[in-house]
Amino acid sequence: MKKIEAIIKPYKLDDVKAALTEVGIAGMTVTEVKGFGRQKGHTEIYRGAEYTVDFLPKVKMELVIADNKLEAVLHAISKSAQSGKIGDGKIFVSDIIEAVRIRTGETGEDAI
Amino acid sequence: MGSQSLINAGDTAFVLLGSALVLLMTPGLALFYGGMVRRKNVLSVMMQCFILMCLVGVQWVLFGYSLSFGPDLGHFIGNLNWVGLAHVGMLPNPDYSATIPAQAFMIFQAMFAVITPALFIGAFAERIKFSGFFVFVLLWAVFVYDPIAHWVWGAGGWLRNMGILDFAGGMVVHVSAGVSALALCLLIGKRKGFNSSPMVPHNLPFTVLGTGLLWFGWFGFNAASALAANEIAVNAFVTTNTASAAAGLTWALIEWGFRGKPTVLGTVSGTIAGLATITPACGFVGPMSAMIIGVAAGAVCYLAVTKLKARFGYDDSLDVFGVHCVGGVLGSLAVGLFAQKAINAAGNNGLLFGNTRQFYIQLTGVGATLAYALLLTFVFYIVIDKFIGMRVEERDEEEGLDLSQHRESAYSGEGE
């Protein structure tokens, strides 16, 4: 089993979700995060005091998939999350040792 | 015979309504300030506002009204003959208003006594210790607010006798609270991380909502200070709105022109500056003068908040000095320039209408208020700090005042 962590632009969330559904992914977890890579932030002014804000809002998607779906998932996310402009994000893949479905107690790929 | 034949229903209704409006300004202030602090401190600001509504609400009827407006003692303070509102009944007191019950005047004034100390909450926000705060505001209400109110508005008060013109509290409210704020922020010191970490408003929509409530309530503050539903009240209403609008517009245009974009925080701050500045003048000057005063308020307070603070580096967290003290002084002196007897026969003419003396009377009042408030604030702070402590420990400041002072969390998300 593999864990996919994808940091994407917030407005791309619906597109990515749709693309993943199409390749048969049934579930995922999404968190609102802040981050930056090469994309620059912005400045804000409050009563004359200027602040530089480096961190930009992003969305982090986490999903655990069967090994044989890896290539399809990477392709689906990359294609749907891409805008071509700086700040599109990144995908990280790691190994998962175990998974459990809490309701039924199923483990391994049956739990995904 | 009783009070029936003396009382004017329209005047009384107007003053009671005005009292309710002024009360609403303190919760409005809670929102205005609350939105500007960081998330972890929003409740502390609101608690300070609400506890003042309770504390001063009690203190006023017990003895505050007596000290401020009671029988004169040496032109400095009232005596305690009216403790527990003795002799303050439904008959009008002609020293203050001939057509409304004395208790109506009393309760109207109560709301001013409540909101004045609430103003300087902004100076020590995010680092004040609640216990020290509680004792300080009580002392300030009794020994700073009550005497100054007596000087300016009390029968026998030395500034009133001199002919000072302060229609709704430029000196009594804004100058006194504003200069106390400066002293307080200097004494308590800067917030931890000031100038190195960003301290941005956590909820500007609150601040905007608060401003709306303040502007609305200010019609009670200013217009109902006419103590009658008459032409003076109308004048005060019109000048109040005009000055506020002009000031907000000025601040927005300055930001737009010099900083690139007009901000919402700037625009609402401008309107508050206009409101504070017109407060002493609203019943004595005309609408066009009010417009000039508003523009001046917007520009001068903008400079005070952005340039003065940056130049001297004091952490007046929510700009109480820059808006209320500077605005209050500006407005109180503006009365000395723009006042017209034609607008209000009980007032006087200002410098621009042929009378130089009024300006010097205004200057005296401003000077006395500044000196007295400053001195007593210093003394009270130092004494209370020695015995109770005015500033929280560093770790309490980091944790946030909501948790450290009140064991509460504003947006816990629990209980969903």
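At what angle do the axes of helix α9 and helix α11 of chain B cross? Before I answer, please keep in mind that this is a predicted model.

Two packed helices are described by the angle between their axes and the distance between the axes, and I will give both values for this pair. In chain B, the axes of α9, residues 264-278, and α11, residues 320-338, cross at roughly 40° and come within 7 Å of each other. Because angles under 35 degrees would count as roughly parallel, α9(B) is instead described as oblique to α11(B), and the crossing of these two helices is right-handed.

As for the residues that make this contact, α9(B) contributes Ser269(B), Ile272(B), Ala273(B), Ala276(B), Thr277(B) and Ile278(B), which meet Val323(B), His324(B), Gly327(B), Gly328(B), Leu330(B) and Gly331(B) of α11(B).

Let me turn now to chain A, where four strands form an open sheet in the order β2-β5-β1-β6, with antiparallel pairing. At the edges are β2, residues 29-35, and β6, residues 89-95, each of which pairs on one side only, and from one strand to the next the twist averages 20°.

Finally, helix α2 of chain A, residues 70-81, lies across β1, β5 and β6 of that chain, and α2 runs at about 5° to β1(A).

Note on methods:
Residues are numbered from 1 along each chain as its sequence is written. Chains are lettered from A and ligands numbered from 1 in the order in which they are written. This is a predicted model: local features need pLDDT of at least 70, side-chain atom pairs count only at pLDDT 80 or more; totals for chains, interfaces and linings use all residues. Axes are lines fitted to C-alpha atoms, for helices over the stretch in contact, and angles run from 0 to 180 degrees between N-to-C directions. Angles under 35 degrees count as roughly parallel, over 145 as roughly antiparallel, 65 to 115 as roughly perpendicular and the rest as oblique. A crossing is left-handed if the near helix is turned anticlockwise from the far one by less than a right angle, and right-handed if clockwise. Two residues are in contact if their C-beta atoms, placed from the backbone, lie within 7 Å. Two strands pair if DSSP finds at least two bridges between them.
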